[in-house]
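This briefing covers one protein model.

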Amino acid sequence: MTANNQVNQSRVIRVHPSDNVAIVVGQGGLPAGTRLDDGVVLGVDIPQGHKVALTDIGEGERIIRYNEVIGTALSAIARGGHVNENNVRLPIPPTLDELPLATREAPPVEPLEGYTFEGFRNPDGSVGTRNVLGITTSVQCVAGTVDHVVARIKRELLPRFPHVDDVVGLNHSYGCGVAIGAPAAIVPIRTLKNLARNPNFGGEVMVIGLGCEKLQPSTLIDDAPVKIFERSADALTHDETNDDANVLSLQHESFEGFGEMVEGIMEMAERHLERLNRRRRETCPVSELTVGMQCGGSDAFSGVTANPAVGFATDLIVRAGGSVMFSEVTEVRDAIHLLTPRAVDRQVGQALIDQMAWYDDYLAQGQADRSANPSPGNKKGGLSNIVEKALGSVIKSGNSPIVDVIGPGERLRKRGLTFAATPASDFICGTLQAAAGMNLQVFTTGRGTPYNLAMTPVIKVSTNSTLGRRWHDLIDLDAGRIATGEASIEDIGWELFELILEVASGRHQVAADRLGLYNDLVLFNPAPVT
Ligand code: CA
């Protein structure tokens, strides 16, 4: 697309020449009677982001977007008609039995050199983009106490430790009344363990518990040496984590009243703050970046603007030797046939299929199916069904080979592009990517969300300029300029890449951080509660 500041309000976007639908670009949509460039005349008003039929589509005929079938027509749709969730039948998902595994020859890539950021190196080989004290909790009962202590630490201790950016209580709703021995309980437990090891916490783990909870605080302190990435096997490991001095239970008999509990936590925090305060940023190659990609509040532009630009940035990071995760199983499931060929080998391809199968089963147990996604807001934004949403979502993964697949709450093992299996829920996906070790997240949105995390920076990218303008103080980068023809996917992809380096270096504060907006962590617990 060429640079053009004159936005054509009658503009529509057809992604692929084979598509028989296109997306209305202009704010406010297009009224009935509008004649498009190729002679199609709109039969009805069509809202922004929604699909117009470019040909007559007979009942039962295929509706094609991204050169893929997104459904069949429930009834005849005339050329110029409005294609939406009411006249599109959901196709059958790709079967998991006969998918091509690792069949695509990896595209030739030139290494990208010379790009760096300023990060905090950790003893375990990981690199942080922030210097934060994380306070892990083993049960929800202590959340109020931890909030109380965090406020006091910010007031009384942080001013004495100027090189520490923040203190964050890792509160959650797990720990009490949970079936701790159920096989699926491994998911929330390893998530909590691995969250504490996020690179932005500098290896300083402290756990606050109550005392009588099923999930005992000591189980969150791992005695196994932690190694990040296969390549950093020589890196130092932290030997102080398996230490009773880093676990505190409020019910411990030595505490006389609330005041003493608080003092106990403050003393423990001070020891960790002293060590964190010695950390300094140093120049690190992009290969030390671990970026999580997510979308939320998607619309029909997601798949033509923000997500392709994110995919371009994904490929840049991978070319520079860095790590990128993409996630959100329910938004990958219907595009899985496009991903399994990209696996580096058959095992990785099979691991992708195994994660899809696990989730199919999980949804079936809850008597839900994939039509539970998209949300009403997604549909209002022009996304008719999960197939269309999935095709637009997986573009975030760019074109790189998929080197590994990790389960929910597991820690990243390899550099390059990894599929980190998570639900699509923004908060659960964010929490699980943080547990996997991301040190920065990129989040695309079409409908808009003030989503943000306290432990890692989140760069928010709008898919359309209407949102970008309306939410000027919440959005960090507007990819809607791709739809209007003002910028190309490559332009925005490079802008995002440069912004990632600025934010990772602490030189640029993201919009939601300036406003001090933070969402709670949400654990994924597929196991029973008792
Ligand atoms: Ca999401």
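Which spacing do the donors of the calcium ion follow along the chain? The spacing is Q-C-x32-E-x95-A-x1-D, where donors are N, O and S atoms within 2.8 Å of the metal (3.2 Å for Na, K and Ca) and water is not among the atoms, so sites may look incomplete.

The model is predicted: local features need pLDDT of at least 70, side-chain atom pairs count only at pLDDT 80 or more, and totals for chains, interfaces and linings use all residues. Residues are numbered from 1 along each chain as its sequence is written, and side-chain values use heavy atoms, with hydrogens and water left out.

**Confidence**
- The protein chain has an average pLDDT (the predictor's confidence in each residue, from 0 to 100) of 92, and 94% of the residues score at least 70.
- Over residues 1-7 pLDDT stays under 50, and the model has 13 contacts (heavy atoms within 4.5 Å) beyond four places in sequence for them.
- Residues 224-242 also stay under 50 in pLDDT, with 40 contacts beyond four places in sequence.

**Calcium site**
- Gln294 (OE1), Cys295 (O), Glu328 (OE), Ala424 (O) and Asp426 (OD) are the protein donors, lying 2.3 to 2.5 Å from the calcium ion.
- Glu328 has a relative accessible area of 0% and a positive phi of about 65 degrees, although it is not a glycine.

**Parallel sheet and its helices**
- An open sheet of 7 strands runs in the order β17-β18-β16-β15-β19-β20-β21, with parallel pairing; two strands pair if DSSP finds at least two bridges between them.
- The edge strands, each pairing on one side only, are β17 (402-406) and β21 (477-478).
- β17 and β18 pair over 4 bridges, and Val405 has Phe419 in β18 as its bridge partner.
- Helix α6 (residues 346-365) packs on the sheet and touches β17 and β18.
- Gln355 is found in α6; it counts as buried because its relative accessibility is 17%.
- Leaving out residues up to four places away in sequence, Gln355 touches Val329, Val405, Ile406, Gly407, Pro408 and Ala421.

- The buried residues of α3 include Met261, Ile265, Met268 and His272.
- The cover over the buried residues of α3 includes β10 (132-137), α1 (143-157), β12 (206-209) and β13 (247-249).
- β10 and β11 pair in the parallel sense over 5 bridges, and Gly134 stands opposite Val168 in β11.
- Strand β11 (residues 166-170) is largely enclosed by the rest of the structure, because 4 of its 5 residues are buried.

**Other backbone details**
- Asn373 and Pro374 are joined by a cis peptide bond with omega of about 10 degrees.
- Pro374 has its place in the loop between α6 and α7 (376-380).

How values were computed: Buried means under 20% relative accessible area, exposed over 50%, partly exposed in between (1.4 Å probe, protein chains only). Helices (H or I, at least four residues) and strands (E, at least two) are DSSP runs, numbered from the N terminus. Axes are lines fitted to C-alpha atoms, for helices over the stretch in contact, and angles run from 0 to 180 degrees between N-to-C directions.
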